[in-house]
Amino acid sequence: MMPMDAFLRTVTIDGEAVSSLYDQWTPQEIVPLADDITCLVLADAFSGRKAVWYLDESRAYCGSHIEVVQRLQPHDILSTVSPWFDSLVRHSLAAAPQPLHDARAVPLFLATQLAAAWSVRMLGDLRQIQTALLEKGQSIAQVGEKALSTRQVRRIMGTRIGPESLVVLSPFTEKPLRSQISFVVDHQLIHRFHDAELDCSFYLAWWEKQLDKPPSFYCPKANVIISDETMAGMLPSLILGWYLSHPEHVDIIASAPGFEARDYGLGSASSLRIDTPEAAVPLPAAPNASSADMISESWAFLQHHHPAAETPSADKKDEKSSARLLGRLRSFVKKK
């Protein structure tokens, strides 16, 4: 691979050779997606901003976003990465990860842009549900023979980040699960959980500066996102992009320790609630936004404004729930 500066001098914009870049911008990585498509990733050292140039076979500049390229078609660009994302969705995103043996190294900024364009076209039936629209006793989705109920969702939406390892009860089997991996992408902290009984993964995501707020819940096999966040619909592409740019995620997840009640500490068990009535876990009202425009016009989720349900006092019920949980966790310890 030729040096970055030498490569840059072979690039043309409107027929003119590129002699220099503005401000603090510098070329960072050259990513050949196909014989006739090359991506040049650039960075602004001062602000940390990233950009990408899509180049054709003659290294002529075609655009800086896959959705608005000239002389190239988004389909042509995606044809190379589609098999990668298809494999990631079936394994790393939704179940037990498997290595991508033929995938090229793709930096995160480019990977998330490609993942967003692919997701818009291939995951169009993904549902986003606001918490205020969850009806009592409703079955939201089915994974195998296990249903995802409103009660289970309300319980897991009460999860908050703490000093201990993040442990939640599976919304499908109610088994304690420990976060296998966490990462930050686009200012969101994302935790991955995996229920081995169903070979089903799900995710909880918080904005970095709003860790005290309810998370967004995403389950690929259930094909549903439950969140009041306008941009929650981008979670699949953010996760896929991170997985593509971090192939080591396969080994990290495979070696992640499972839940150990003795390691977690029964004193922290009150943060996990079992058989908690739906009304006992308060949820915020839905946002006032009437619509959310995603990265493409073909991917938008309607937002509705509904008042939050009144939440009765749950002190006594919480005590009973915690007591039941302590008994269940002790049973896990005795089985070891």
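Reply: Start with the overall picture. This is a predicted model. The protein has eight helices and 18 strands. Buried residues make up 49% of its 336 residues. The accessible surface comes to about 16700 Å², and carbon and sulfur atoms hold 50% of that.

Me: What share of the contacts between residues at least 6 apart in sequence joins residues at least 24 apart?
Reply: The share is 56%. A contact here needs heavy atoms within 4.5 Å.

Me: Why is strand S4 called largely enclosed?
Reply: Count its residues. S4 covers residues 37-44, and eight of the eight are buried, so the rest of the structure largely encloses this strand. Buried means under 20% relative accessible area.

Me: Which residues of S4 point one way, and which the other?
Reply: Ile 37, Cys 39, Val 41 and Ala 43 point one way. Thr 38, Leu 40, Leu 42 and Asp 44 point the other way. All of them are buried.

Me: How do you know that S3 and S4 are paired?
Reply: Pairing takes at least two bridges. Strand S3 (residues 25-34) and S4 are joined by eight bridges, and they run antiparallel. The two therefore meet the cut-off for a pair. Trp 25 stands opposite Asp 44 in S4, and Ala 34 stands opposite Ile 37 in S4. S3 and S4 form a hairpin, with two residues between them.

Me: What makes S4 and S5 a pair?
Reply: Apply the cut-off of at least two bridges again. Six bridges join S4 to strand S5 (residues 50-55), and the two run antiparallel. Thr 38 stands opposite Leu 55 in S5. This hairpin has five residues between its strands. In the turn, Gly 48 has a positive phi of about 85 degrees.

Me: Why are S3 and S6 said to stand at the edges?
Reply: Look at the strand order. Four strands form an open sheet, S3-S4-S5-S6, with antiparallel pairing. S3 and strand S6 (61-63) each have a single partner strand, so one side of each has no neighbour in the sheet. From one strand to the next, the twist averages 35 degrees.

Me: Which helices lie on this sheet, and at what angles?
Reply: Helix H2 (residues 74-93) lies across S3, S4 and S5, at about 75 degrees to S3. Helix H3 (residues 108-122) packs on the sheet and touches S3, S4 and S5. The direction of H3 makes about 65 degrees with that of S5.

Me: Now Ser 201. Why is Ser 201 called buried?
Reply: Ser 201 has a relative accessible area of 0%. The cut-off for buried is under 20%. The value falls under that limit, so Ser 201 counts as buried. Ser 201 sits in strand S14 (residues 200-207).

Me: What makes the Ser 201 and Arg 192 pair a polar contact?
Reply: The limit is 3.5 Å between N or O atoms, with one able to donate a hydrogen and the other to accept it. The side chains of Ser 201 and Arg 192 are joined at 2.8 Å, so the distance is within the limit. The Ser 201 side chain also reaches the backbone oxygen of Ala 95 at 3.3 Å.

Me: Which residues does Ser 201 contact, leaving aside neighbours within four places in sequence?
Reply: Among them are Leu 93, Ala 94, Phe 193, His 194, Cys 219 and Pro 220.

Technical notes: Residues numbered from 1 in each chain as written. Predicted model: local features only at pLDDT ≥ 70, side-chain atom pairs only at ≥ 80, totals over all residues. Heavy atoms only, no water. Buried < 20%, exposed > 50% of the residue type's maximum accessible area, 1.4 Å probe, protein only. Areas by Shrake-Rupley, 256 points an atom, 1.4 Å probe, with all protein chains shown as cover. Axes fitted to C-alpha atoms, helices over the stretch in contact; angles between N-to-C directions.
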